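Here is a friendly walk through one protein model, from its inside to its charged pairs. Take a look at the sequence and the structure first, then read on.

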Amino acid sequence: MKHLFYLLLLLILVTSCKSTSSATSTTKKETSRNTNNLCKQLVNDASDKVGLPYRLGGTTKAGYDCSGLVYSTFKDHDISLPRTSIEMSKKGEIINRDDAKKGDLIFFKTNGKSIINHVGLIVEVLDDEIKFVHSSTQLGVIISSTKEAYYKKSFAQINRIVY
């Protein structure tokens, strides 16, 4: 009788360990799915603003500057970022260009500057090209590419904010 009791106890322990580990993997899948959904929402929300005008210091549909576009898009999803591109570049994790994905931030040093002064949100990653939505002083909110000479030469880094 004692052996039967120990056998049942062992069976319960083994079964409970299996269910715990499968629950953990489901949670990881759900977390990954939630992260992917959030990144898609961020990209969609920022892309919906394409065509709106540039406005220095702007964070509304009346006009955006580059960091204002990113700041307000993330804020709409309860993610707090600093207000300037240089300060944003210090947040999250700097990642290798080859690891970039939708929803990451892409930073540039434009107009011959030695510090980061421009930011965009990655909307598409192809083999040798990254497309990003940003607010340009001349054209307002647009989608550009790292294949464009201007952005190719001024690329600085990519940061992951949403894990």
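## Starting from the inside

Let's begin with Val70: if you skip its neighbours within four places in sequence, Val70 is in contact (heavy atoms within 4.5 Å) with Leu81, Met88, Leu105, Val119 and Gly120. A word on the ground rules: this is a predicted model, where local features need pLDDT of at least 70 and side-chain atom pairs count only at pLDDT 80 or more, while totals for chains, interfaces and linings use all residues. Residues are numbered from 1 along each chain as its sequence is written, and side-chain values use heavy atoms, with hydrogens and water left out.

Val70 also turns up in the largest nonpolar core, which has 22 residues. Such a core is a set of buried Ala, Val, Leu, Ile, Met, Phe, Trp, Tyr and Cys residues joined through side-chain atoms within 4.5 Å. Buried here means under 20% relative accessible area, exposed means over 50%, and partly exposed is in between (1.4 Å probe, protein chains only). Val70, Phe74, Leu81, Leu105, Val119, Leu121 and Val133 have the most contacts inside this core. Helix H1 (2-47), helix H2 (66-75), S4 and S5 each give two or more residues to it. Helices (H or I, at least four residues) and strands (E, at least two) are DSSP runs, numbered from the N terminus. Apart from that core lies another one, of 9 residues, including Ala100, Ile106, Phe132 and Tyr151.

## A hairpin and a buried asparagine

S6 and S7 run antiparallel and are joined by 6 bridges; strands count as paired if DSSP finds at least two bridges between them. Together S6 and S7 make a hairpin, with 3 residues between them. S7 is mostly covered, with 5 of its 6 residues buried.

Over in strand S8 you'll find Asn159. Is Asn159 buried or exposed? At 0% relative accessibility, Asn159 is buried. A polar atom of its side chain lies 2.9 Å from the backbone oxygen of Ser89. Leaving aside neighbours within four places in sequence, the residues in contact with Asn159 include Ser89, Glu93, Asp104 and Phe107.

## Charged pairs

Side chains of opposite charge can pair when their charged atoms come close. A salt bridge is a side-chain nitrogen of Lys or Arg within 4 Å of a carboxyl oxygen of Asp or Glu, and the count by that rule is 5. Here are some of them:

| Salt bridge | Closest N to O |
|---|---|
| Asp104 and Arg160 | 2.9 Å |
| Lys147 and Asp128 | 3.2 Å |

Asp104 sits in the loop between strand S3 (93-95) and strand S4 (105-108), and Arg160 in strand S8 (residues 155-160), so this pair ties together parts that are 56 residues apart in sequence. Both Asp104 and Arg160 are buried.

Glu124 is partly exposed at 30% relative accessibility, and Lys131 is partly exposed at 27%. As for the remaining pair in the table, Lys147 is partly exposed, with a relative accessible area of 46%, whereas Asp128 is exposed at 54%.

## What about the cysteines?

How many disulfides does the structure hold? It holds 0 disulfides, a disulfide being a pair of cysteine sulfur atoms within 2.5 Å. Cys39 is buried, with a relative accessible area of 4%, and Cys66 is buried too, at 9%.

Key. Polar contact = N/O pair within 3.5 Å; in protein donor to acceptor, adjacent residues only side chain to side chain.
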